[in-house]
Structure formats: structure tokens, C-alpha cells
Amino acid sequence: MLLAVLMMLPPLYLTAADPQGASEVLRGKLKPERFISRNLPFGGRLRRTALELRYLGGQREFGGLFVYDGGLMENFQPVDQFLYSNENIRVINEVASAGVLTYVMLLPTACAVLQHHTPRFAPLYDQKRFIESTYRTLAGSATTIDAYPVLFANSDQSVFYRTDRNPTAYGGYLIYQTAAARMNLRPRPLQAFSTKYAEHGYLGDLAAGWQLGGVKPDILSLYLLQTPSKAYTVTHFSAEGNRVYHTLYPEQFLSLGEPYRAYLGGISPHMEIAAKGGDTSGKLLVFGDRTAAAYLPFFATHYERITFLDLKGLQAEEVERIRIGEYDQVLFAYSLDTFMNGSVCEGAQTVLTNEK
Amino acid sequence: MQLPRNFRYPFEAKTVGDFFNRFNTTVSEYIRKHVYVRLGSESGGALSASLNILLITMLMGLWYGLRLNLLVWGAVLGLFVMMEALLFPKIFKDVPQFYSRIYTFAITFVSFAIFTGDSLPQSAGYLAAMFGLGGVSVYNQSILYLLDSNYLVLLAAVFASTSLTSRVAGDFRARVPRCGSVMGALTHAGMLALVVGFLLGGVR
């Protein structure tokens, strides 16, 4: 009798702790083991102890993230090498063949650049080889920009965040420097910018939910062009209403708990950066992803207008409004994990069709 | 309350038959008692004994799930049990412990490739990979990475699968009986907590 009562206690306790979860279990919507794992007393502490033991035992990869010297980086492995990339290459070729100056920049992820921080024997995907083979395929149609060597040569510097997938602002500068030279721009020297260390406690997307601890926060630095002075307007287009910032670095986000949005006000699927004054000229259309936050502020110092499109997050009717003929140059700039794991360039065909 | 021991250091077994006596003993004893003995065990001659052995090892396999690969796992180990019990009983009795343990470990270790799969083709794939067939190298960077990342856990697992821990604990308990019991209880509670922590898994 006593045994029966004792056996009833755990289910009663768990049901009282999470009645909604319990009803989901009864309806078959939630696995019992998942429910128990979620509500187990001291579950978080036990889970963390197990992780700490694994770490002490030499494990340096957890849930697809490598841990190194207080930092985290994703172990990028493409789902399929050609599944999406072939389609993306075909679209780029089509845009390039339409007579627009087209540039392609594939950015390696942190685990390729910071190889010296990855665990011994870790089987890494050969990003360099993929970039080179893609560039060979694109030879003759688009101008390719290889940022891999410059990032790799500076891998002892802070070119990627410790807690975020993105390159740092310094990494963004190196990318810009390489790209500008290929895009007929005169890259500005680093000394032309004053550096402002805006945030010292930034924890990026990789650190969100990380339970093992030991991760050091990042510093967010803003590179401000000293001369010539320019006036910038960054417009984020959205169905809910446009947002406009009259600076490349809306610093109010630093105190609003979203420090990364201090770069251009964040990255929206459709953005426009307009610059007035000084030596700005020309219009650039960028098809890209979140990594644009690192390098776009540098490009903004050259162009009169930059339109940024993240085609994954855009509705068809929004893409239809873009006219490719309005731009002097088109840049496809993707991190390899975006380029290889999705049909990210698909909408660019629509932009081309609009023109016809 | 006295709970029966379910595993008695199966990796210390000297023969595959001995392995079955140590691995999941509550099940093997149940099957032996209710099937093997009732069928006449080894009393009906060599052929009958062979079939009986094969039947109980296959039943042992099916205990873990209704899958063809588990049936084959039981049958394969059954063939070795038959060989040990009926064909070469003297050899297996006389062979030095060191060699018999290596033999048993190798057979059971390889057999777990059949056990692990979800289907017979998958198990065949594991076996092929184990022996470097089908274009898969015997070792590669992924294996080195796994070994390098987990070598302490693996060493602890090897140590814990032997009776050494039990012998050390028994010795300690004999010397300091009161303290030994408390330490034993604490160790078991700690191990339980750790196992639950590892089962919960996940880092993010």
C-alpha cells in the first residue's frame, strides 16, 4: 500500500508542476520522457553537471557548437553540397548575363577561419575548396570576391564574435577592404575611421540558451568615418510600417537591450541606405544575409544609395517593386551556411523579370 | 527489498554461453527456466540440444524488440554457444582465461553491430563499416575525433564494466563497515543523479 502511494507521488508532483504539459502527454502531443525532462526537480542542475563532466572529459563540441577559450562557434556542415548551391549559382549567372555588373562574395563561417580554435581531429567541411570551385563555375560571368584569405590571415585578431555567428565590425572592415578593391572603389584605410567601443557585454545568438557557462561577452565596436562628413538615412521597409534612422549606428538600441541593432538598426529583409555629401556616388543592390551588418556600414561611405535585400524574408510583391536597371552594381554576398542551406537567390530572378 | 542482479560483468565472460549467464540475467534465467528446461535442455541428444540453445538465444534477441536483426543477433550468438557446449567443450574449458576472455569479448563486441541496427540491412552496413568494407575505412578523422573527445568517458566506462570497482568497494566496506555502507549509498545516489543528468542531455 505504502509502495503504491510512493509510486503515485512523482506523477502527481509533475502534473501539479506543469498541468498543461501533463494534458499534452495525455492527448499524445508530448512525449512523456520530454515532459519529465522538462519538469524534473533540479533537472537544470543535473543537466549542467553532466555537461561539465563531458567538458572535463575532453568534449569540446556540444549541440553542433565548438567551445574554445570562452567563445563558441558553429560546426558548419552543409546538408547537401549541391542541393541549393547549384540553383543559387544558376540564378547568379542569369543576373550576370543580363549585363549588370555583378559581384559574388561567399563568406566563410567562423569554424573555417578560426580553425586553430576547433578541437583536434574535428572533421570540418572544406569551405575554402567549395568557395574556390564555385568561383571557378562563375568565372566569366560574375566578378568574384574572395574574402577567405584576408580573414584567415587575420584569424589571430577579432574577426568573428565569440558569441555570435557574424563577423565582427573589424572582420567587416577586412571584408569591405577586399571587396572594395574588386568593385572599383578605393577602400578607405582603417585610420580613416574612429573606433567607438559601444558595448562591452554583448552576448550573441550562439550564447542564447547556452548552459555550460564560461563564455566571455563580446565588445561591439562602431567604425565612424572621420572625414568627409556625410548624412546617412537608413530605411527599413516593412508591411507594418517603415523605420527610418538618420545614422548608420542608432545607438539607442544599446540601452534597449538589443545592442546588435546598433548596426544599421538591425538587418531587415528590405533596407535602403542613402548617403549625402562628400564623395558618395553610384547605386548598389545587395542580395545578402545577416552578415551584411558587419560590412554594409563601410560600403555606405561610398554609395549614394544601397538597397539591401534578404530574399528569404521578403514577400514576392516586395521583390516585384525592385528594378535592377536602377543600379550600377549588384552584389551577391552570402555566408556559406546561408548559401548552401537554402534557395536564397531565387527571388533575384523576379527582379530580373521586372526589368523585362 | 532485495532486487535481483541483472548484469554480472558480462564483459568478463569467458565464453559466449557465460556471457548469456551474465547479461540481463533476469530475462535469461526466466527463458531458461520456462523454455529451455521444459524443452528438455540437453537431455534429448545433440540435435535437440542444439535446437533448444538456438531457440533460447533467439528468444533472448526478440526480448529486445520484434526485429529481424535482433533475431539474427540471437541466432549468431546461439551458434557460438552451441559450438562451445556441444562441439568443443574441452577446448573452452582448458583454454587460458586471458584468451577465452578476448575471444568472448571479440564475438560479443562484433555481435552488437547486428544488435544496434534498426533493420537487417542497417546492421549489415554497420558490420561492413566495422571491417572496412564497402568503401568505408576502418578508421577515419571522425573516429579519431570521437575517441579524442571522449577518451576519459570511455576509460571510465571500461573501468566501470569490470568487477574492479566492486572489489575495491567490497574491500573498503570490509575494513570500515559503517562508513563503507554510507559511502556506498552516497556513491549510488551520486551515480543515479549523474545518469539522470546524462539522460537529460542537451546543451541549449
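Buried means under 20% relative accessible area, exposed over 50%, and partly exposed in between (1.4 Å probe, protein chains only). This is a predicted model, where local features need pLDDT of at least 70 and side-chain atom pairs count only at pLDDT 80 or more, while totals for chains, interfaces and linings use all residues. Residues are numbered from 1 along each chain as its sequence is written, chains are lettered from A and ligands numbered from 1 in the order in which they are written, and side-chain values use heavy atoms, with hydrogens and water left out.

**Exercise 1.** Work out which parts of chain A the pair A:Lys196 and A:Glu251 ties together.

*Solution.*
- Start with the contact: the two side chains, A:Lys196 and A:Glu251, form a salt bridge at 2.7 Å, N to O. That term means a side-chain nitrogen of Lys or Arg within 4 Å of a carboxyl oxygen of Asp or Glu.
- Now place them: A:Lys196 sits in strand β6 (residues 193-202) and A:Glu251 in the loop between β9 (243-245) and β10 (270-276), so parts 55 residues apart in sequence get tied together. Helices (H or I, at least four residues) and strands (E, at least two) are DSSP runs, numbered from the N terminus.
- Finally, check the cover: A:Glu251 is partly exposed at 28%, and A:Lys196 is partly exposed at 34%.

**Exercise 2.** Find how B:Asp94 and B:Lys90 are placed in helix α5 of chain B.

*Solution.*
- Their closest N and O atoms are 3.0 Å apart, in a salt bridge.
- They're 4 residues apart in the helix, so about one helical turn separates them.
- Both B:Asp94 and B:Lys90 are exposed.
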